[in-house]
Amino acid sequence: MKFATKAIHAGQEPDPTTGAVMTPIYQTSTYWQKSPGDNKGYEYSRGTNPTRKALEDCLAALENARYGLAFSSGMGATDAVLKLLQPGDEVITGNDLYGGSYRIFTKIYTKYGIKFHFLDLSKPENMLPYINDKTKLVWIETPTNPTMQIIDIEGVAKITKEKNLILTVDNTFASPYLQNPIDLGADIVMHSVTKYIGGHSDVVMGALVTNDEQLYKDLWFIYNACGATPGPQDAFLVLRGIKTLHLRMKAHCENGERTAHYLKTHPKVDKIYWPGFEDHPNHDVAKKQMRGFGGMISITLKGADLAETFRISSNFKVFTLAESLGGVESLINHPATMTHGSIPKEEREKVGVTDNLLRLSVGVEDIDDLLEDLERALA
């Protein structure tokens, strides 16, 4: 099946009891057993639930993978991957990361003896001097949050396979509509389902998908044992959101392109980060591994201090100043004090996350209204 068909049908069959076309919300914690251990595949909803299972199968299909797991948040999914590690293991990751990922790496897992190397991975070979016998995991985002760095997934995967390392790709910014890391050699794909996949700013959820049966079994054990699993109502809402993912992403891409070109020549904008521009670093890689450039854009404001940046970010009428991204509504975010506030100032500024940087999640409203809002706010 093609993507749009999978988004609507994958993992979902008419309900065997009633014939309901939409997967029911199985609002139950436990399941009848004919005798101990003799059940219909479900025992307790922390471990699995029919509504959630339909979603997991759909997510796996969208990423061209065999196995999917849904978590109660993107950080719950990230935590499960890190629990594959042992004290003394080392992780290679990028130097521009979502602040929550940086926080869990540095504030939680370093306490358990895990070492993290934060590197410029614009060239995959940059990781080679840091690989040793203790290296077990490579974790990358592409495009990165918030400076839209592009990392060559296939190039990184070639190295991780040679060195027998697990490659996990955070595919949140691209979504499965624009990019499929499994096809490019990734072992695990992570999503903050809260964002583009859910798409309506009404659910917090995460997901992992993989083609590796042993990795799936190991992750499922962690998922069930530690319990960061979502309820059926949230799974139902995401299944509903997925059905329009292909339509929404087309609109995000179209509006994102128009917005990026408008901002590129705006007199108040100093730098703009959007991988669709030919002069964006690794644009050729983005063009190769993505099917479009998405609706995420970051800008720095020319000559603006923190107070002026706050004034402008609070001056929008259509864009909403808020955390998160990927919903149908346009959002604006100040990473230095919001999504990336947990990263020390000196570290975030090394990669361009300065006090005058704003991140835009361009929604699917009428583009003329969005451009007028930008014109007014930036005046």
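Accessible areas come from the Shrake-Rupley method with a 1.4 Å probe, and for residues only the protein chains shown count as cover. By this method the protein chain has an accessible surface of about 16,100 Å². Carbon and sulfur atoms hold 52% of that surface. The model is predicted: local features need pLDDT of at least 70, side-chain atom pairs count only at pLDDT 80 or more, and totals for chains, interfaces and linings use all residues. Residues are numbered from 1 along each chain as its sequence is written, and side-chain values use heavy atoms, with hydrogens and water left out.

The protein chain contains 13 helices and twelve strands. These are DSSP runs numbered from the N terminus (helices: H or I, at least four residues; strands: E, at least two). The radius of gyration is 21 Å, close to the 21 Å that the globule rule gives for 379 residues, so the chain is as compact as a globular protein of that length. The radius is taken over C-alpha atoms, and the rule is 2.2 Å times the number of residues to the power 0.38. The C-alpha trace spans about 70 × 50 × 35 Å along its principal axes.

Of the 379 residues, 56% count as buried (under 20% relative accessible area; exposed is over 50%, partly exposed in between; 1.4 Å probe, protein chains only). Contact means heavy atoms within 4.5 Å. Among contacts between residues at least 6 apart in sequence, 73% join residues at least 24 apart.

Helix α3 covers residues 74–82, and eight of its nine residues are buried, so α3 is largely enclosed by the rest of the structure. The buried residues are G74, G76, A77, T78, D79, A80, V81 and L82.

In helix α11 (residues 306–313), the buried residues include T309, I312 and S313. Seen down the helix axis, the buried residues of α11 fall within an arc of 95°, so they line one face of the helix. The arc is that of the directions from the axis to the C-beta atoms. These residues pack against strands β9 (296–301), β10 (320–321), β11 (331–333) and β12 (357–361), and against helix α13 (367–378).

Residue E90 lies in strand β2 (residues 90–94). E90 is buried, with a relative accessible area of 8%. Leaving aside neighbours within four places in sequence, E90 is in contact with K115, H117, Y130, N132, K134, T135, K136 and L137. E90 and G303 are 213 residues apart in sequence. Their C-alpha atoms are 40 Å apart in space.
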